[in-house]
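User: I am new to this structure and would like to learn how to read its strands and helices. Please take me through it one feature at a time.

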Amino acid sequence: MSFRARHLLGIDHLAPSEIVTLLDLAEEYVALNRRTVKHSDVLEGLTQINMFFENSTRTQSSFELAGKRLGADVMNMSMQNSSVKKGETLIDTALTLNAMQPDLLVVRHPNSGAVNLLAEKVKCAVINAGDGRHEHPTQALLDALTIRRAKGRLQRLTVAICGDIAHSRVARSNLILLGKMENRIRLIGPRTLMPSGVADFGCEIYEDMREGLKGADVVMMLRLQRERMDGGFIPSEREYFHRWGLDAEKLALAAPDAIVMHPGPMNRGVEIDGTIADDINRSVIQDQVEMGVAVRMAALDLLARNLRADRGRAAAGGVMV
């Protein structure tokens, strides 16, 4: 299997073949998760620590379930009330982690680049579960798997990513992944929610939602990241929904078989009409949740294989890892 990465810190360093390898393995875990007995022993004897410096019930529970179904010893560390607030640095945290001898470390952090810094200091495999406005690689991978299963392919699709692009690490990771897989990407939203330098992204940019959705195969809505906003980015929630919220009238402009996605949690009546979110013929939002567990199982499995291989080579050479 083609997957060389020691860590999963973002999508940018993954080759298209590595993305396909991970998605193909995730397909196997979809099947496993639908069985009565949902258990494997591929991570038996390994310790997985989920370290979340900001709240994310959905992502943390998905990683926890993924690790346990693969047989790992899983520990959750809620860092919001930890010694970090008392002045402990990330370097101190890394030293503490090394003393605990973990094998797999899943990290979510409010600051961009913090997960990369930890990965440089710890002696285990690291997965980025979202850092600041930087990346959220497993979300992009689960979105990719959802699209591939729904559309039968992951290439040459027109994908509309709509809403709060500026504050979204989900959008960034999806832009990179979908671009690698040769898709046509449209970014739709108010100018106030477009990142600086957006013209250099190689995407089509639309402020008019109706114009941007014409003929789209995939409609990916984004959550308004109010916790990352420090000003008046939108006129009002009512006006936002009128202009950029997804309803039946706007969705009718997309391709007849277009699918609707949202990374969650949704703000119904702001980003998306509840009827559209629950439409079993168009919405794949619940499929995204299911695919999230399978993709995270695949990521943990592949990183553990590379970790064991590295440790085996080091032991053969008499080097401590």
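User: Which residue in β2 is the bridge partner of Q48?

Analyst: Strands of a sheet pair through backbone hydrogen bonds, either parallel or antiparallel. In this predicted model, Q48 has V74 of β2 as its bridge partner. The two strands concerned are β1, residues 47–52, and β2, residues 73–78; they pair in the parallel sense over 6 bridges.

User: What do β1, helix α2 and β2 make?

Analyst: Look at what is grouped with the two strands. Helix α2, residues 57–69, forms a right-handed β-α-β unit together with β1 and β2.

User: In what order do the 4 strands of the open sheet come?

Analyst: The order is β2-β1-β3-β4, with parallel pairing. β2 and β4 (125–131) stand at the edges with a single partner strand each, so one side of each has no neighbour in the sheet. From one strand to the next, the twist averages 15 degrees.

User: How many bridges join β3 to β4?

Analyst: There are 5 bridges between β3, residues 104–109, and β4, and these strands run parallel. As an example of facing residues, H109 stands opposite D131 in β4. Helix α11, residues 285–316, packs on the sheet and touches β1, β3 and β4. The direction of α11 makes about 145 degrees with that of β4.

User: Now the helix pairs. At roughly what angle do the axes of α3 and α4 cross?

Analyst: For a helix pair, read the axes, then the residues in contact. The axes of α3 (residues 90–100) and α4 (residues 114–121) cross at roughly 45 degrees and come within 9 Å. That angle makes α3 oblique to α4. The crossing of α3 past α4 is right-handed. On the α3 side the contact is made by L90, I91, A94 and N98, and on the α4 side by A114, L117, L118 and K121. By class, this contact has 6 nonpolar, 1 polar and 1 charged residues.

User: How is α1 set against α5, and which residues meet?

Analyst: The axes of α1 (residues 16–33) and α5 (residues 137–151) come within 10 Å and cross at roughly 70 degrees. That makes α1 roughly perpendicular to α5. I19, V20, L22, L23, D24, A26, E27 and V30 of α1 meet L141, A144, L145, R148 and R149 of α5. Sorted by class, the contact of α1 with α5 has 9 nonpolar, no polar and 4 charged residues.

Key. Residues numbered from 1 in each chain as written. Predicted model: local features only at pLDDT ≥ 70, side-chain atom pairs only at ≥ 80, totals over all residues. Heavy atoms only, no water. Axes fitted to C-alpha atoms, helices over the stretch in contact; angles between N-to-C directions. Parallel < 35°, antiparallel > 145°, perpendicular 65-115°, else oblique. Left-handed = near helix turned anticlockwise from the far one by under 90°. Contact = heavy atoms within 4.5 Å. Nonpolar A, V, L, I, M, F, W, Y, C, P; charged D, E, K, R; others polar. Pairing = 2+ DSSP bridges. Right-handed = clockwise from strand over helix to strand, strands pointing away.
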